[in-house]
There are 2 protein chains.
Amino acid sequence: MTTGENFTLLTDLYQLTMAQGYFRERKTGRATFSLFIRSYPRNRGYFVAAGLRDVVEFLEGLSFDPAALDYLHSLNLFTDDFLHFLSGLRFTGDVWALPEGRVFFADEPVVEVTAPIIEAQLAETFIINQINLQSLIASKAARCVRAAAGRAVVDFALRRAHGTDAGMKVARASYIAGCAATSNMRAGQRYGIPLAGTMAHSFISSFEREADAFRAFVESFPNNATLLIDTYDTLHGARNAAQVAKEMAARGLRLQGVRIDSGDLEKLAVEVRRVLDDAGLKEVKIIGSGGLDEYDLARFSAANIPYDSYGVGTKMGVSADAPWNDMAYKLVEFDDRSVLKLSTGKESWPGKKQVFRVHDDQDQLCGDVIALRGEEIAAAEPLLTQVLHGGKITGRLPTLNDSRSVCRDELDRLPEIYRAIVDPARYPVQFSAGLQDLRDAIQTQALQAQ
Amino acid sequence: MTTGENFTLLTDLYQLTMAQGYFRERKTGRATFSLFIRSYPRNRGYFVAAGLRDVVEFLEGLSFDPAALDYLHSLNLFTDDFLHFLSGLRFTGDVWALPEGRVFFADEPVVEVTAPIIEAQLAETFIINQINLQSLIASKAARCVRAAAGRAVVDFALRRAHGTDAGMKVARASYIAGCAATSNMRAGQRYGIPLAGTMAHSFISSFEREADAFRAFVESFPNNATLLIDTYDTLHGARNAAQVAKEMAARGLRLQGVRIDSGDLEKLAVEVRRVLDDAGLKEVKIIGSGGLDEYDLARFSAANIPYDSYGVGTKMGVSADAPWNDMAYKLVEFDDRSVLKLSTGKESWPGKKQVFRVHDDQDQLCGDVIALRGEEIAAAEPLLTQVLHGGKITGRLPTLNDSRSVCRDELDRLPEIYRAIVDPARYPVQFSAGLQDLRDAIQTQALQAQ
């Protein structure tokens, strides 16, 4: 891991109890697990893949350190020979995956892991934990970016994201999905994401007069100051900002912008724009923030509310209208035998898979086919690529900017009807004949065997 | 930090730009910031405090390491003298806080930080990030535990929690709130939380016959096996489990339980109970899981559905019906001057505070008073205690089990009407006369000054 932390024990107890069960039964066969989302949350028409880099780095480094082994020993659940086996365990499998930034749909495998079953099982929890979160947020952020219709969206979510890791991963995933910058300094440091930020109400309140706070701030940041104008009265704040901007102009400096963070954000933007324009400050930008999400941004865009950019925090950072995806990691093949699960509402498709994407003659996405790996689908692009071979990363991992470009290009090719903020159309996803035949055969077989 | 990671840079850019503004203005005065939740999400009548330990450990270790300073330097935003100042910065302030496990209500300060303003400002993001998440989850988990009406609730949220830190903190916070165990092994290792787990569908699928999978698993865990019975057909699975249980009984062993994870969880529990009882297996427990939340658990409890315990995952781990709280950290005093913010919908209360709790003669909670620190409220218990003095932790931090006891005791004393799962009554929280007078005075003053 880039953080140096060993997350091998960040797993569920049952992964280890099952592993001991496999170990005892000498089940060393190779298993394939498929990671996919079962269904769309409301108003979601597509997902954006993210989190793969963390997964491949985790798998490459998977190992139980001495403290972990000591802890496992202390539980009196595991046999000595099993713990000895764990002490030497490394991930030796193959992984196929959808590159970060690509769009995917319900039922489509995003990651497929093939490895000795114990290894593949032990990796489950971390894989879901990371891909689920980062894809959830990338999907939400893509919606925000689209709704902003060309205005920059900046990630302000760190404080209300669910913990430190979520704060980092929200910055990362939302940048892949098209956000312009983040307020999170550690994400800037670790991922090289551009930073953006303004000032908080506390800075204003620490001065007796708002205008004095503005003056002090622009002294410190004469070239890139954005003033927060809603601490007391937004229009009065706008006039104070205009006054300071004029003082700056007299010294050859330019105020970058003002931020509105509360109140009737639509009405205030129009009024603040008028105050600034009347003061000859047409170039001073207005940033909107305060509980915004894609539904607000779409409304603002439709009404041409004069915001130049947005700070979007909590609701993007927790994907407030859909805070989880029904993402599952299911055994689809074991020891060259295809398997499936028939649990009500949780049926799975057997076998190793490939996803094929069909483009029309305008290069727009027009449908996907989920097929068996090895099947050929004419004139379609296979999407899953091998990222680990024998436990080692195959080739160069894409940079974050690579993944961001991939995402922009793909979203540009996704027709509008699937990208609608509300009630998007269902993108056509078919199962290949080979996959359907396999499923029917296995299903009959599985039920008969019980 | 217990993890060894330095999270000082896990902050928003504006904290550092404001800090440079304060530094340049030689604003070295002491500031007090108050952390509180502005309003109740739907169906929430109380909150459970959690996350303080991470905050005090963070504050005690706050410092910019060389890599952080290099990164800040590389941004070309900060002056050399400011970066030099940051290199020696430590947290030297005082912190008062509500102990973990205690119940709190909207508007009540949970943490109050008093420190030189730059230090207090730099701590904001991490403090909100941790207390917001952990209190959010503790509050949600307390609802689940209550709804389960005496049946054990186990945290299964790790995979769908928002990242690695959330996975750990959900285990921690839900344990404080009364969960009996977690599936998260790393949380078991780090926090000493009891572990629980069963098996996954993949274990079953890896065998050709379900009954063989059951036999293999109980061989490995003869004393504590819980069998997952819904991979193919739940009632058939129950009969297979009953068969294996009888085989075990013949060897003097006892099957611990079975788990149902899909389908009509109410109907199936009744039917599975009948299968087990008819086989003379009254002592075999039934665990329910699969998308459960407090609303389901309350329904099951009311209908006496024969579950003995529950695994609760995603919806508790992301607080699905209320995935964020409107938690804010506001400047309330600077340089001995009380301050406030008047932004629409985000008004704050000035001054250092104390929260007083009034109990009735049955020792039930009957109302809180938010007062100025130093005010006396007769026959009421002051809730905030000092946890840091001059940047150092004062006294022993409570253990996780201490906090869990505090929570249980307090929830036992919170009358039912405030604990309702749906539409709870509003617990009475008053503002003291001293606080109201101060606010009126400051408000007039602040508006006149602008």
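**Sheets, domains and chain contact in the predicted model**

In chain A, 4 strands are arranged as an open sheet in the order E16-E14-E15-E19, with mixed pairing. The description that follows refers to a predicted model. The edges of this sheet are formed by strand E16 (381-382) and strand E19 (429-431) of chain A, each of which pairs on one side only. Strand E15 (residues 365-372) of chain A runs parallel to E19(A), and the two are joined over 3 bridges. Within this pair, A:Val369 has A:Gln430 of E19(A) as its bridge partner.

An open sheet of 7 strands is found in chain B, where the order is E13-E12-E1-E5-E3-E17-E18 and the pairing is antiparallel. Strand E13 (337-338) and strand E18 (392-393) of chain B each have a single partner strand, so one side of each edge strand is left without a neighbour in the sheet. Strand E3 (residues 94-97) of chain B is paired with strand E17 (residues 385-389) of chain B in the antiparallel sense over 3 bridges. B:Trp96 has B:Gln386 in E17(B) as its bridge partner. E3(B) also pairs with E5(B), again in the antiparallel sense, over 4 bridges. B:Ala97 takes part in both pairings: its bridge partner in E5(B) is B:Val111, and in E17(B) it stands opposite B:Thr385.

Two helices of chain B are placed against these strands. Helix H2 (residues 52-61) of chain B packs on the sheet and touches E3, strand E5 (111-116), E17 and E18 of chain B. The direction of H2 makes about 25 degrees with that of E17(B). Helix H6 (residues 124-147) of chain B lies across strand E1 (30-37), E5 and strand E12 (327-334) of chain B. The angle between H6 and E12(B) is about 135 degrees.

Chain A is assigned two domains, domain 1 (13-137 + 322-449) and domain 2 (140-317). The C-alpha centres of these domains of chain A are 38 Å apart. Contact between them involves 16 residues of domain 1 of chain A and 21 residues of domain 2 of chain A. On the side of domain 1 of chain A that touches domain 2 of chain A, the elements giving two or more residues are helix H6 (124-147) and helix H15 (400-413) of chain A. H15(A) provides the largest share of this side, with 6 residues. By class, the residues on this side of domain 1 of chain A are 9 nonpolar, 3 polar and 4 charged.

The contact between the chains takes 87 residues from chain A and 87 residues from chain B. Helix H1 (residues 13-24) of chain A gives the most to the side of chain A that touches chain B, contributing 8 residues. That side of chain A is made up of 37 nonpolar, 32 polar and 18 charged residues.

Helix H10 of chain A has covering elements from both chains. In H10 (residues 210-220) of chain A, the buried residues are A:Glu210, A:Ala211, A:Ala213, A:Phe214, A:Phe217, A:Val218 and A:Ser220. From chain A, the cover over the buried residues of H10(A) includes helix H9 (201-205), strand E8 (226-228) and helix H11 (234-250). From chain B, helix H1 (13-24) is included in this cover.

How values were computed:
Residues numbered from 1 in each chain as written. Chains lettered and ligands numbered in written order. Predicted model: local features only at pLDDT ≥ 70, side-chain atom pairs only at ≥ 80, totals over all residues. Contact = placed C-beta atoms within 7 Å. Nonpolar A, V, L, I, M, F, W, Y, C, P; charged D, E, K, R; others polar. Buried ≥ 20, exposed ≤ 12 C-beta atoms within 10 Å, placed from the backbone. Pairing = 2+ DSSP bridges. Axes fitted to C-alpha atoms, helices over the stretch in contact; angles between N-to-C directions. Domains from an automatic or database assignment.
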